[in-house]
Amino acid sequence: MTHSGPTAEAMAALALTREGFDVALPVFKQPSFDMISKWGNALHTIQVKSGCVNPNGKTVQWHTCTNRRMYTPADCSYFGLVLIPRDEVWWVPIEEVIGKRSVCTNTDNDLLSRYRGNLDALK
């Protein structure tokens, strides 16, 4: 089993910095977010999750809960849902995943397409 979390976090941080965001990582404790993005006065806490493509090659699933507990707006404001093999990040607001243990989408008919690579809402 590979540990894709650090790779996904690095990919998300790189995508943010390439777009001109400042990125800060937590130190010495493990909060419910993986990074903070800053664009001007806009600050966002971001939880990064790596997704896996199902054997059909089209369906992608990201688990959006931790230790049997679902994330809330008190934990983070955005998810950076990373699909490592395709070098893609979906920047999904927490409101889209409240009450969901996972998020699933189809790469051909992407219900989350408005979030794919779209950093405008974080600015």
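A disulfide is a pair of cysteine sulfur atoms within 2.5 Å. By this criterion the structure contains 0 disulfides. The sulfur of Cys 65 has its closest cysteine sulfur in Cys 76, at 12 Å, which is too far for a bond. Cys 104 is partly exposed, with a relative accessible area of 42%; buried means under 20% relative accessible area, exposed over 50%, and partly exposed in between, with a 1.4 Å probe and protein chains only.

The model is predicted, so local features need pLDDT of at least 70 and side-chain atom pairs count only at pLDDT 80 or more, whereas totals for chains, interfaces and linings use all residues. Residues are numbered from 1 along each chain as its sequence is written, and side-chain values use heavy atoms, with hydrogens and water left out.

The strands come next. Helices (H or I, at least four residues) and strands (E, at least two) are DSSP runs, numbered from the N terminus, and two strands pair if DSSP finds at least two bridges between them. Met 35 has Ile 46 in β3 as its bridge partner.

Further antiparallel pairing involves β5. Strand β4 (residues 52–53) is joined to β5 by 2 bridges, and these strands run antiparallel. The two form a hairpin with 5 residues between them, and Gly 57 in the turn has a positive phi of about 80 degrees. Val 53 has Val 60 in β5 as its bridge partner. Strand β10 (residues 102–106) is also antiparallel to β5, with 5 bridges between them, and here Val 60 is partnered by Thr 105 in β10.

Rings of Phe, Tyr and Trp (its six-membered ring) pair if their centres lie within 6.5 Å; planes under 30 degrees apart count as stacked, over 60 as edge-to-face and the rest as tilted. The count comes to 3 aromatic pairs. One of them is tilted, because the rings of Phe 21 and Trp 39 have centres 5.0 Å apart and planes at 50 degrees. Phe 21 lies in the loop between α1 (5–18) and β1 (22–24) and Trp 39 in strand β2 (residues 35–39), so this pair ties together parts that are 18 residues apart in sequence. Phe 21 is buried at 3% relative accessible area, whereas Trp 39 is partly exposed at 31%.

Another pair, Trp 62 and Trp 90, is edge-to-face, because the ring centres are 4.8 Å apart and the planes stand at 65 degrees. This pair links distant parts of the chain, 28 residues apart: Trp 62 in strand β5 (residues 59–63) and Trp 90 in strand β9 (residues 88–93). Trp 62 is buried, with a relative accessible area of 0%, and Trp 90 is buried with a value of 0%.

Asp 75 lies in the loop between β7 (69–70) and β8 (78–83) and is buried, with a relative accessible area of 11%.
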